[in-house]
Amino acid sequence: MNPIMQATLDLIDQGKQITRIIPEKNSRSNKKVTFEFSDNTSEELQVNCDHETFMRWWKHMVAYIRATASIQPLEDINGS
């Protein structure tokens with residue numbers, strides 16, 4: 001389970017408009033991801049894992065965000 005991806009999807013599902021996602025290393029096993037929102041609020045996610053796992057989760061989440069950003073809504077494709 002990728003907790004960074006899950007947190008991102010949960011926030012989107014809650015209707016949050018994420019403007020920025022910032023990864024931060026606090027220590028060897030404690031990492032933090034800060035989500036900033038369009039209403040100028042933020043939320044932090046603490047992740048306890050090794051650096052390699054954190055980077056793998058981070059890269060998967062970034063790849064997902066980039067892939068979904070390029071998807072056109074069906075109404076745009078159908079011309080509605």
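This is a dialogue on how to read a few features of a predicted model.

Biologist: Where do I start, and how many helices and strands does the protein chain have?

Modeller: Start with the secondary structure, then ask in what order the elements come. The protein chain has 3 helices and 3 strands. Along the sequence they follow the pattern α-β-β-β-α-α. Keep in mind that the model is predicted.

Biologist: What share of the residues counts as buried?

Modeller: The protein chain has 80 residues, and 29% of them count as buried. As for contacts between residues at least 6 apart in sequence, 33% join residues at least 24 apart.

Biologist: Now the charged residues. What is the general idea of a salt bridge?

Modeller: Side chains of opposite charge can pair when their charged atoms come close. In this structure the count is 2 salt bridges.

Biologist: Which residue forms a salt bridge with Glu-24?

Modeller: Lys-32 does, and the closest N and O atoms of the pair are 3.6 Å apart. This passes the cut-off of 4 Å, so the pair is counted.

Biologist: Is Lys-32 buried or exposed?

Modeller: Lys-32 counts as buried, at 14% relative accessibility. Glu-24 is partly exposed, with a relative accessible area of 29%.

Biologist: And what do the side chains of Lys-32 and Glu-44 form?

Modeller: They meet in a salt bridge, with 3.4 Å from N to O. Lys-32 is in strand S2 (residues 30–37) and Glu-44 is in strand S3 (residues 42–48), so this pair ties together parts that are 12 residues apart in sequence. Through shared partners, the salt bridges join Glu-24, Lys-32 and Glu-44 into one network. The side chains of Lys-32 and Glu-44 also make a polar contact, at 3.4 Å.

Biologist: Which strand holds Thr-34?

Modeller: Thr-34 lies in strand S2. At 7% relative accessibility, Thr-34 counts as buried.

Biologist: Which side chain makes a polar contact with that of Thr-34?

Modeller: The side chain of Glu-24 does, at 3.5 Å. To read the surroundings, set aside neighbours within four places in sequence. Thr-34 is then in contact with Arg-20, Ile-21, Ile-22, Glu-24, Ser-42, Glu-43 and Glu-44. Two of these names, Glu-24 and Glu-44, belong to the salt-bridge network with Lys-32.

Biologist: What about rings? How many aromatic pairs does the structure hold?

Modeller: The structure holds 0 aromatic pairs. A ring may still be read against a charge. The charged end of Lys-16 sits over the ring of Phe-37, at 4.8 Å from the ring centre.

Technical notes: Residues numbered from 1 in each chain as written. Predicted model: local features only at pLDDT ≥ 70, side-chain atom pairs only at ≥ 80, totals over all residues. Heavy atoms only, no water. Buried < 20%, exposed > 50% of the residue type's maximum accessible area, 1.4 Å probe, protein only. Helix = DSSP H or I, 4+ residues; strand = E, 2+ residues; numbered from the N terminus. Phe/Tyr/Trp six-rings, centres within 6.5 Å; stacked < 30°, edge-to-face > 60°. Lys NZ or Arg CZ within 6 Å of the ring centre and 35° of its normal. Polar contact = N/O pair within 3.5 Å; in protein donor to acceptor, adjacent residues only side chain to side chain. Contact = heavy atoms within 4.5 Å.
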